[in-house]
Amino acid sequence: MLDVSRKASRFTESVIREMTRLCRQHDAVNLAQGFPDFAAPAEIKDAACRAIMADVNQYAITWGAPGLRQAIAAKQLRCYGMSVDPEREIAVTCGATEAMIASILAIVDPGDEIVVFEPFYENYGPDAILAGAVPRFVPLRPPDWTFDPDELAAAFSDKTRGIILNTPNNPTGKVFTREELESIATLCRKWDVVAFSDEIYEHILYDGAEHVPIATLPGMHDRTVTINALSKTYSVTGWRVGWTIASPSLTAGIRKVHDFLTVGAAAPLQEAGAVALGFPESYYRTLAADYTVRRDLLLSGLRGVGLQCEAPRGAYYILADASAVGCRDDVAFARRLVESAGVGAVPGSSFFSRPESGRTLLRFAFPKTEATLKEAVKRLQRGLAH
Ligand SMILES: Cc1ncc(COP(=O)(O)O)c(C=O)c1O
């Protein structure tokens, strides 16, 4: 039998996507994969339909339709006072997923090191492997998921090419503070490295948490790749439209890699994205308020069945410790939860470089209707009662 490449054999299939398939098989409530089960805003759907009917159906410019790039730049200025040149500093990609891997492939050479906070969104591991990069993991520790500045400093060296940052964070719900970002930025400047900053949950914030793009800190504009997408903010994870914002020289490299990876993101959906990015401030306030209700519902439900969890400050996940209900092996426990309780969660080990760090943890996603969340809690109450 022919073997796959060494690269491809060094990582497994996505556990998150596998859990989704398992949920379908067992008709379980899927709180594993982070996608909404409620409708996307009518305005974005209408805009997509209009674009298709107006025959925006051929390739867009490979690095993004001009209208979408202008809308991204305008929103970045409006929200963060960040000035971005839509002609030279933006590349539109197929979701944040492609944005991250295209950026790493464009900027990191085989053998270079990249610093990764853990627990981490599971894609970052394979991203590093596919780029031939060597990840250096730095732990975030509960309950605040803060890092030890000395540990972080020790992870940097003259081999370091970049650091992957995700704020608001999946899976911990941490929102990095300005002070924490400043200490990361200091190291980026000292070692002349790039910050790959995944900000896909920028508008999903709770309890007054503030999102600070690291690119807005002194000296960081030219050494940050800001990664974002329509996926989470506008509840269209299946549209696959994302983007990078970076200096003209980094963007030139990212655009080349992107062109040969995918050519471009769906043209009519880019037109709709341009409309969505112009939504008024009230849209984002309502989004965060609605997510607060969902978060509180699931949080009290999980606590009620004996799971130990902190309230996330951002994003839409709860990382729960299930040791009190007998979880010793997260993978087996998550599988049992789908099969016998009918609720899908992601085994905690998928977010760690060493699986043992996540053996008692489960991640629950709550971009779901209240009815779905209540049904999940009911099933957990029944399933974990004995
Ligand atoms: C932190 C983070 N980045 C990126 C993605 C994927 O984004 P996209 O669907 O736009 O590729 C996700 C999806 O769950 C995520 O949690």
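User: How much accessible surface does the protein have, and what share belongs to carbon and sulfur atoms?

Analyst: Accessible areas come from the Shrake-Rupley method with a 1.4 Å probe, and for residues only the protein chains shown count as cover. Here the accessible surface is about 16,100 Å², with 53% belonging to carbon and sulfur atoms. This is a predicted model, where local features need pLDDT of at least 70, side-chain atom pairs count only at pLDDT 80 or more, and totals for chains, interfaces and linings use all residues. Residues are numbered from 1 along each chain as its sequence is written, and side-chain values use heavy atoms, leaving out hydrogens and water.

User: What percentage of the residues is buried?

Analyst: Buried means under 20% relative accessible area, exposed over 50%, and partly exposed in between (1.4 Å probe, protein chains only). Of the 386 residues in this protein, 56% are buried. Cysteine 327, at 0% relative accessibility, counts as buried too.

User: How many disulfides does the structure hold?

Analyst: A disulfide is a pair of cysteine sulfur atoms within 2.5 Å. This structure has zero of them. For cysteine 327, the nearest cysteine sulfur is that of cysteine 309, 13 Å away. The sulfur of cysteine 94 has its closest cysteine sulfur in cysteine 49, at 20 Å, so the two are too far apart for a bond.
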